[in-house]
Amino acid sequence: MTYMVITGIICGVLLGFVMQRGRFCLTGGFRDMFIAKDNRMFYALLIAIAVHGVGIYILIDAGLVQFSAGEFSWLGVIIGSFIFGIGIILAGGCATGTWYRAGEGLIGSWIALATYMLMAAVMRTGPLAPLNGSVQEYALPNNSMAESTGLSVWVFVVILLAVVTWVLVREFRKPKVAIPSLKPKRTGLAHLLFEKRWHPFFTAVLIGVIAVAAWPLSQATGRMFGLGITAPSANILQYIVTSDTGFINWGVFLVLGIFLGSFIAAKGSREFRFRMPDVKTGLNSASGGLLMGFGASLAGGCSIGNGLVMTAMMTWQGWIGLSFMILGTWTASYFVFIRPMKKRTTTAAPPQAA
């Protein structure tokens, strides 16, 4: 138990700190792909996946980590990922983003986190568990892309590395744009950790390394998985309600560590403050959290579980889930941002002369 608590919290603190300081927000990244045609955060995700994939399969080949892709519950992944994508736009952050933004003092993220945990618990062991189970039954026997095609998993890893290399070359060849900045108020390590703007690609590399380290740390406690947010979030509420210690695992301390790490980063960078949302934002946060919990449970993972971990493991669940997650965010972005903006533009336009 001591090992579980210490390693889980340390891994979570590192992840929360890095994500907060690097502003690693997949919700904003997916949204900006559609609205602003800005793909940098998506490219950063690909970098994190590539680092994770290389690291984890080195560990697997060395016999240090075990992994089984299992079945591919295609219906749950498609429907759940799409719903999850809609939910993160309403909530203003994905599962991990909600945890680390709660650590910054955003009350809206606290609301989204509460409803997210509630719905995830309801889907796992509550009244909606039969629905969740029935949807999961629509499955294909093989979830591994390598086993399905008969190719080595390293073929897919190398292809991803080639794509990431092309992205990096393309991005760093672009003309540098000078970003105005204030004169630094700190020096040395304090400046680097809490003041200097972190590049999203650098942040992605760190996240990929943390994701690799999570596997052996977690498996040493009997939990055969790496980073995961939805199940541990549900486990916290399930333990509070039932007092069943069976719900306490390495992942629980991971998510609690994310909150703590984000709080440390926000306090150190002087970004922490309690911010109360207006009524509309609060309602959106609550409904978004419910959709996140519902969708992630159906899909078997969130933006981290499917979008980072299962993609790096080269599974159909990961890549198809990520695709429908992005499609869900684009759909919600149209109705939440684009359509209202078009209506305002039309209303503000002067009437045409006869």
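Let's start with Thr115, which lies in helix H6 (residues 107-125). Keep in mind that this is a predicted model. Is Thr115 buried or exposed? With a relative accessibility of 14%, Thr115 counts as buried, because the cut-off for buried is under 20%. Once its neighbours within four places in sequence are left aside, Thr115 is in contact with Ser285, Ala286, Gly289 and Leu290.

The largest nonpolar core has 78 residues, and Phe30, Phe84, Trp99, Leu227 and Ile229 touch the most other members. Helix H3 (residues 40-61) supplies the largest share of this core, with 13 residues. Which residues does Leu227 contact, leaving aside its neighbours within four places in sequence? They are Cys11, Leu15, Ala211, Ala214, Leu254, Ile304, Gly305, Leu308 and Val309.

Now for the aromatic rings. The structure holds 14 aromatic pairs. A pair of aromatic rings is described by the distance of the centres and the angle of the planes. Here are two of the pairs:

| Pair | Distance of centres | Angle of planes | Class |
|---|---|---|---|
| Phe17 and Trp198 | 6.3 Å | 55° | tilted |
| Phe42 and Tyr43 | 6.5 Å | 50° | tilted |

What does the pair of Phe17 and Trp198 tie together? Phe17 sits in helix H1 (residues 2-22), while Trp198 belongs to the loop between helix H10 (188-194) and helix H11 (200-219), so the pair links parts that are 181 residues apart in sequence. Both Phe17 and Trp198 are buried. Together with Phe194 and Phe202, Phe17 and Trp198 form one aromatic cluster.

Phe42, at 17% relative accessibility, counts as buried. Tyr43 also counts as buried, with a relative accessibility of 11%.

Finally, have a look at how two helices meet. Two packed helices are described by the angle between their axes and the distance between the axes. Helix H12 (residues 230-242) packs with helix H13 (residues 250-268) at an angle of about 95°, and their axes are 8 Å apart. H12 and H13 are therefore roughly perpendicular to each other. On the H12 side, Pro232, Ser233, Asn235 and Ile236 take part, and they meet Gly251, Val252, Val255 and Leu256 in H13. How many nonpolar, polar and charged residues does the contact of H12 with H13 have? There are five nonpolar and three polar residues, and no charged ones.

Technical notes: Residues numbered from 1 in each chain as written. Predicted model: local features only at pLDDT ≥ 70, side-chain atom pairs only at ≥ 80, totals over all residues. Heavy atoms only, no water. Core = buried A, V, L, I, M, F, W, Y, C linked by side-chain atoms within 4.5 Å. Buried < 20%, exposed > 50% of the residue type's maximum accessible area, 1.4 Å probe, protein only. Helix = DSSP H or I, 4+ residues; strand = E, 2+ residues; numbered from the N terminus. Contact = heavy atoms within 4.5 Å. Phe/Tyr/Trp six-rings, centres within 6.5 Å; stacked < 30°, edge-to-face > 60°. Axes fitted to C-alpha atoms, helices over the stretch in contact; angles between N-to-C directions. Parallel < 35°, antiparallel > 145°, perpendicular 65-115°, else oblique. Nonpolar A, V, L, I, M, F, W, Y, C, P; charged D, E, K, R; others polar.
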